[in-house]
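Please keep the sequence and the structure open while reading.

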Amino acid sequence: MRSRICTICAKPSVIVRSHEGRSLCRRHFMESVERNARKYVGKHRMIESGDRIGVALSGGKDSAVALYVLKNIVGKRKDVSLCALSIDEGIAGSRDAALKKAKQLCKKLGVKHCTFSFRKELGMTLDAKVRKLKLGREGVCGFCGIARRWILNREARGLGLNKLALGINLNDEAESIMMNYVRGDMLRAARLGPVTNYSISGRGARLFIPRIKPLRMIPEPEIELYAKFASLPFHPKHCRYRGGIRIDVEKSLDMLEKRYPGTMFTIVSTFDRILPGIRSAVAQEGYVLKCKKCGEPASKDICKCCELWRNG
Ligand code: SF4
Ligand code: ZN
């Protein structure tokens, strides 16, 4: 039964947290999200003195909240700097609107904003790549993700950043965990977690900019609600190429979460308990090389981005 009043102050509630058995009003909901993110950042020591953090800002709700929350956490600290990096993949009909929102947010928060594009960095937009290779829906995200990570890593290093913050929420992380189980991809599973700087070794390791995920334990609906209440500019639509196995896993997890509230928390927290074991099991495979073509981290002589995008 949906409770209509806040468990803390008895004002009208805006959200029911079934897994916690409580409802929250707007104020207590906002405070709770901020507290949860702050605690998570502290628990995993995501921010340290001297950090120069770049937030990967897509223009969507998740990265908007990540930037906003980090800006509040870092506050006026002089020993930590924050900027935002956006990538224009070249997807007609949605990226321009999303990048506009990203720009507005950075202006509102007074954060430096840098934009990079597939066209300029890789010589081709994502739309053109899809047309050229006649990629089906299942294959586009793979191509896109590889290129985006390559650009982000390279440009973050170029800007002198030492960490990249991602707006990954609880649902995203639970989906990624389940996807890796379905595919049996333990190497990728080892790269998940609150901070992605696991025991990689090899010549390419120092070139890899560690990732942090401050929103990793916050459910997607809460992120959306928070972004709205905080009046953050964000683009509400999903990318039109979104597809493949992630959609099926997403649907299954949504169904489970509805029937068994707290499922996503359980998936992620159970995974975290076995993560050290997964990492030590694949330690040898986690050896990172330096791409002979572009100098970025690679698992073979030539990195995936050079193989798929820079092979012309
Ligand atoms: Fe790229 Fe897929 Fe994300 Fe679209 S949904 S931006 S194609 S990774
Ligand atoms: Zn390369």
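**Salt bridge, pocket, ligand and patch**

Glu173 and Arg216 are joined through their side chains by a salt bridge, at 2.7 Å from N to O. The two lie 43 residues apart and tie together distant parts of the chain, with Glu173 in helix 7 and Arg216 in the loop between strand 8 (211-212) and helix 9. This is a predicted model, in which local features need pLDDT of at least 70, side-chain atom pairs count only at pLDDT 80 or more, and totals for chains, interfaces and linings use all residues. Residues are numbered from 1 along each chain as its sequence is written, chains are lettered from A and ligands numbered from 1 in the order in which they are written, and side-chain values use heavy atoms, with hydrogens and water left out.

**Salt bridges**
- A salt bridge is a side-chain nitrogen of Lys or Arg within 4 Å of a carboxyl oxygen of Asp or Glu.
- By this rule there are 24 salt bridges.

**Second largest pocket**
- The second largest pocket has a volume of about 490 Å³.
- Of the 19 residues that line the second largest pocket, Asn171, Pro219, Pro221, Glu257 and Lys258 lie nearest its centre.
- Two or more lining residues come from each of strand 1 (15-17), helix 7 (170-183), helix 9 (220-229), helix 10 (245-259) and helix 11 (263-281).
- Helix 10 gives the largest share of this lining, four residues.
- The lining has eight nonpolar, four polar and seven charged residues.

**Ligand 1**
- Glu89, Leu126, Val140, Cys141, Cys144, Arg148, Cys239, Tyr241 and Arg242 surround ligand 1, each with a heavy atom within 4 Å of it.
- Helix 6 (residues 137-158) supplies the largest share of this shell, four residues.
- The shell has six nonpolar, no polar and three charged residues.

**Surface patch**
- Met255, Leu256 and Tyr260 make up a nonpolar surface patch with about 280 Å² of accessible area together.
- Patch residues have over 30% relative accessible area and no salt bridge, and nonpolar side chains are joined within 5 Å.
- Tyr260 sits in the loop between helix 10 and helix 11.

Key
On a 1 Å grid over the protein atoms alone, a cavity is a set of points where a 1.4 Å probe fits but cannot get out, and a pocket is an open set with protein on both sides within 12 Å along at least five of seven lines; lining residues have an atom within 4 Å of a point. Grid points are joined across faces, edges and corners, and a volume is the space filled by probe spheres set on the points. Ala, Val, Leu, Ile, Met, Phe, Trp, Tyr, Cys and Pro count as nonpolar, Asp, Glu, Lys and Arg as charged, and the others, Gly among them, as polar. Patches are made of residues with over 30% relative accessible area and no salt bridge: like charges are joined within 9 Å, nonpolar side chains (Val, Leu, Ile, Met, Phe, Trp, Tyr) within 5 Å. Accessible areas come from the Shrake-Rupley method with a 1.4 Å probe; for residues, only the protein chains shown count as cover.
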